[in-house]
Amino acid sequence: MPDALPSPVQLNVPTHLVFVRPVRKMLEGLLYAQGWEEDDVDDAGLMITEIVQNAVEHGSKGDGTEEVSVVIDARATAVVITVVDPGSGVDPQKALDRDILTPVPLEEPRGRGLFLINRLAGCFERSISTSGGLCLKARKEIGS
Ligand SMILES: Nc1ncnc2c1ncn2[C@@H]1O[C@H](COP(=O)(O)OP(=O)(O)OP(=O)(O)O)[C@@H](O)[C@H]1O
Ligand SMILES: [Mg+2]
């Protein structure tokens, strides 16, 4: 990556699902620029997809009128993704109370996002931000 580019990169993403893919693409570009291999990039891409999708679907009104803060600190050996949503959807405490260690039964169509993120992340932290939304911080290292 050119020295002039700051890391971390901060994005203010409108709260609409149409923006989930461009955010993933941005992450992928930053990681490839750091020399990451495809498998690691794919895992990090899945993580940011689930996090931002949740932020829009559960952490906001989902109508594009609010913003989700996404910070991507992409380095040669690890990436840290920090996402804060507006907290105007369901109570963010729900995400803190959620069991993220037990696999969801096969017959359940949904509910695997946080479980997946936790499985892929080397470190995964959940908290309520000072503005009242959910703050998720996930770190992934290459080769793991
Ligand atoms: N950003 C958020 N704000 C508030 N609640 C959240 C947030 N993210 C997750 N949750 C809560 O945690 C639950 C589990 O999230 P998870 O991503 O595991 O599953 P899901 O989004 O319901 O389904 P899937 O991700 O499989 O499509 C959500 O249903 C919601 O109640
Ligand atoms: Mg989800």
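This is a predicted model: local features need pLDDT of at least 70, side-chain atom pairs count only at pLDDT 80 or more; totals for chains, interfaces and linings use all residues.
View 1. Residues are numbered from 1 along each chain as its sequence is written, with chains lettered from A and ligands numbered from 1 in the order in which they are written. Helix H1 covers residues 20–33 and helix H2 residues 38–57; they pack at about 150 degrees with axes 9 Å apart. Axes here are lines fitted to C-alpha atoms, for helices over the stretch in contact, and angles run from 0 to 180 degrees between N-to-C directions. That angle makes H1 roughly antiparallel to H2 (over 145 degrees; under 35 is roughly parallel, 65 to 115 roughly perpendicular, the rest oblique).

**View 2. Who touches whom between H1 and H2**. From H1 come Val20, Val23, Arg24, Leu27, Glu28, Leu31 and Tyr32. H2 answers with Val41, Ala44, Gly45, Ile48, Thr49, Val52, Gln53 and Val56. Contact means C-beta atoms, placed from the backbone, within 7 Å. By class, this contact has 10 nonpolar, three polar and two charged residues (nonpolar: Ala, Val, Leu, Ile, Met, Phe, Trp, Tyr, Cys and Pro; charged: Asp, Glu, Lys and Arg; polar: the others, Gly among them).

**View 3. H2 also meets helix H4, residues 113–120**. Their axes come within 9 Å and cross at roughly 145 degrees, and this crossing is left-handed. On the H2 side sit Asp43, Leu46, Met47, Glu50, Ile51, Gln53 and Asn54; on the H4 side, Gly113, Leu116, Ile117 and Leu120. The tally for H2 with H4 is six nonpolar, three polar and two charged residues.

**View 4. Glu57, a residue of helix H2**. Glu57 is partly exposed, because it has 16 other C-beta atoms within 10 Å (20 or more would be buried, 12 or fewer exposed, with C-beta atoms placed from the backbone). Ser131 is 74 residues away from Glu57 in sequence and 18 Å away in space, C-alpha to C-alpha.

**View 5. Zooming out: four helices and five strands**. Helices (H or I, at least four residues) and strands (E, at least two) are DSSP runs, numbered from the N terminus. Starting there, the order is β-α-α-β-β-α-α-β-β. The C-alpha trace spans about 40 × 35 × 25 Å along its principal axes. Of the 144 residues, 31% count as buried.

Conventions: Two residues are in contact if their C-beta atoms, placed from the backbone, lie within 7 Å. A crossing is left-handed if the near helix is turned anticlockwise from the far one by less than a right angle, and right-handed if clockwise.
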